[in-house]
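Hello,

Here is the structure I promised to hand over. My notes follow below it.

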Amino acid sequence: MQFLIDGSEDALVTIMLAHGAGAPMDSTAMNAVTGALSGAGFRIVRFEFDYMAARRSGGRKPPPKAELLKANYRLAVAELNCRNPLIIGGKSMGGRVASMVADELYDKGEVAGLLCLGYPFHPPSKPHELRTAHLEELRTPALICQGTRDQFGTRAEVEGYRLADQIEILWLEDGDHDLKPRKKLSGFSPADHLETLARTVQDWIQRRIGP
């Protein structure tokens, strides 16, 4: 498995991020978040699920169901063999898959927390097809960073869901599924939201994870 690593090897915390369903680990959105988090002092490790890695050699496999990618995520954690506290997560589907394996890895002491960037609470235009059942009893400390107008789960929708007490949510005003706001309407730039995200992740890790 190929990893894309940013940040110092001496960082106190490593964050592993998987990509979303349709874009690779070095997409514009993934690069932007990685830059913000590595700039905040974290070691960021990215990887691709097998179907996405195959596209680099000419294959065009569609993404399988998220449930079928859990073994791929477990393998990434095992191959990385991280020696410092490890936070797992990812963008959209990548974060969803991480959330599905988080508790089993947390219980074994292999991960310390979960970070989801634009969690896909439901498919666009299908608000009743919720993907939250496992989040109701989640035991792993978790932070979800979500745009308030994300079509996969707006603030108005998500605030009505039953979620575990371990889950904290950072709401980024007017952010879309890539966490980007419309500056003319919100007064915030993408850079503003990335700065807020990085600062919030720092605070969350200090409070909930350590060291």
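Which residues touch the most other members in the largest nonpolar core? They are M16, F49, Y73 and I88, in a core of 38 residues. A nonpolar core here is a set of buried Ala, Val, Leu, Ile, Met, Phe, Trp, Tyr and Cys residues joined through side-chain atoms within 4.5 Å. Buried means under 20% relative accessible area, exposed over 50%, partly exposed in between (1.4 Å probe, protein chains only). Helix α4, residues 93–107, gives the most to this core: 7 residues. Helices are DSSP runs of H or I, at least four residues, numbered from the N terminus. Another core lies apart, with 23 residues, including A112, L117, C145 and L179.

The model is predicted: local features need pLDDT of at least 70, side-chain atom pairs count only at pLDDT 80 or more, and totals for chains, interfaces and linings use all residues. Residues are numbered from 1 along each chain as its sequence is written, and side-chain values use heavy atoms, with hydrogens and water left out.

Back to M16. Beyond neighbours within four places in sequence, M16 is in contact with F3, V45, F47, Y73, A76, V77, L80, L86, I87, I88 and G89. Contact means heavy atoms within 4.5 Å.

Next, T34. This residue lies in helix α1. T34 counts as buried because its relative accessibility is 2%. Leaving out residues up to four places away in sequence, T34 touches D6, L17, G39, I44 and R46.

Best wishes

Technical notes. Helices (H or I, at least four residues) and strands (E, at least two) are DSSP runs, numbered from the N terminus.
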